[in-house]
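Please read it alongside the structure shown here.

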Amino acid sequence: MSDSSPLPPVRLHPEAELARAALSTPLLSRAVRLARWAGPATRVDAGGALVEEQLPAAAELLGLTGDDAAACASEAWRVAVDAALVEIVDEEEGTVRAGEELALLTGGSPRDVLTVWLAALETVLADAAVPDLDDLVDALEEGGEVDFSSLDWDPEVEAEFLDGVLGNLYLLTVSEDGPGDGPVPLPALAASMIVPDDMGEPTNDVLEQVSNAMMRLDDQFRALEPIGLVAYQPVDEALMADADQEPAAPVDDTDVSRYGMVRLTPLGAYGLRARLLDAGFAAPAVGELADKGADVLLDGTAGFGPSAAQAETEQWLTRREPLAAARELLAAARGADEGAPLRRLRCQQALSLIGGEAEPALREVLDDPELGGLARVWLTEQGAAGVPAPSEEMVFWLTIDTVAAQLAAEGNSEELQALVEGLAAQHRGFFAAAWRVEHQATADVLEAMGRLHPDKKVAKEARKAAFKARSQQGS
């Protein structure tokens, strides 16, 4: 992902709802219980971890049993320390007390709770990028130092890989053509980091890299689920069994869910967006423009998909009186700059959400050279009476403006190609007249029509018209 272009907007759940979800995550709730349990008799080592002899009591408090009970209790304590739910009073004595952040979880705002959760998330993400404990033990040298070269592991590279995977998961989740709230197959997520975009059939070497990445991600997503970042269905253990070992039950090799499925939770979407913003990415959220002017709304939603643009506009409209909102939108839609056609398209879409109460504002701009055509279309669609017929000049100007807006919004889409074909078929002399239209996008629109039209003869006409338009603009 590039940090220069904005990501699609995310639809965040209310902060109060997210805060409740954060408090109920297994790992943070365990950390809170340990922070409240800690007292004068609690001791930590030089690194701030609970001393080994206190781990059984911590595990018992948390209701943890089994071989990994102590490890889980240790992890929860580490989260408590890193999130400032516990603070070390005396490093030499190893004494602790409740941290200032602990009180925020009951007496603070939802934003305070989420800030604590974000601190806990950073600890879990850092741990998730660390190799398996058994591998670390095997790599220990004399003196207790870890030989990272023998692990074939670089801490920075591993952290960047996990960040990249989570970034792709975020992008898939917020994109309008993505799975949305649905799960993403783990192989697809691993392949998004390994397989080059221009590669047709992956080589055996690339497939092996994808398989290895899946196994790493399987461990990492298992670690990230208890903090509420993701909902994860792990890789079927039967897939990791030895080739000569008979499976316990018949398996369906076509069931992609057996290879792991991961879904970003609403809390996870909040957390990843916060991290993306900290990293310098433009990561908008629906609703951020609700208290801004119409000019900011129309420009801000220019890069949004249709669904997100409508959701943002609906929130903007709920804060305004309909007729005043319509007048403000129309005023902001004027202009001859490059972004103006798309502003007018977003304006038209916003006006359709207002309905008949906007009619007086539309009638006020019937004679406006930039808005008159838009106003006539809107009034006609609303079934208004007494709508004056547009001049031929206005029709052609509106056509160029509309195609320019569609180009900016969708690029060379199938829908735009169909529009281009329809325009050429309905008006035999379209190109002979269109090049004369005094619109800043005339030449660009005609060139695009030449690219998009499948009929070579019509495409040639469009290119000739574009040349004439550019010559006229240069004169």
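What follows is a set of notes grouped by topic, all of them drawn from a predicted model.

**Nonpolar cores**

- The largest nonpolar core holds 76 residues, and the members that touch the most other members are Leu85, Phe221, Leu224 and Leu229.
- Helix 6, spanning residues 110-128, supplies the largest share of this core, with ten residues.
- Apart from this core lies another one, of 28 residues, which includes Leu298, Trp316, Ala326 and Trp378.

- Glu312 belongs to helix 14, which covers residues 306-317.
- Although Glu312 is buried, it has no salt bridge, and the nearest side chain of opposite charge, that of Arg319, is 8.1 Å away.
- Polar atoms of the Glu312 side chain do lie close to backbone nitrogens, with a distance of 2.7 Å to that of Gly287 and of 3.1 Å to that of Leu289.
- Not counting residues up to four places away in sequence, Glu312 touches Ala285, Val286, Gly287, Glu288, Leu289, Ala290, Leu297, Thr301 and Phe304.

- Strand 1 (residues 86-90) and strand 2 (residues 95-98) run antiparallel and are joined by four bridges.
- Within this pairing, Glu87 stands opposite Arg97 of strand 2.
- Four residues lie between the two strands of the hairpin, where Gly94 takes a positive phi near 75 degrees.

- Although Arg11 and Val286 are 275 residues apart along the chain, their C-alpha atoms are separated by 5.3 Å.
- The residues that Arg11 touches, not counting those up to four places away in sequence, are Val286, Ser307, Ala308 and Ala311.
- With one of these, Ser307, the side chain of Arg11 makes a polar contact to the side chain at 2.4 Å.
- Val286 is touched by Arg11 and also by Glu312.

Technical notes: Residues numbered from 1 in each chain as written. Predicted model: local features only at pLDDT ≥ 70, side-chain atom pairs only at ≥ 80, totals over all residues. Heavy atoms only, no water. Core = buried A, V, L, I, M, F, W, Y, C linked by side-chain atoms within 4.5 Å. Buried < 20%, exposed > 50% of the residue type's maximum accessible area, 1.4 Å probe, protein only. Lys, Arg positive; Asp, Glu negative; His and termini not counted. Salt bridge = Lys/Arg side-chain N within 4 Å of Asp/Glu carboxyl O. Polar contact = N/O pair within 3.5 Å; in protein donor to acceptor, adjacent residues only side chain to side chain. Contact = heavy atoms within 4.5 Å. Pairing = 2+ DSSP bridges.
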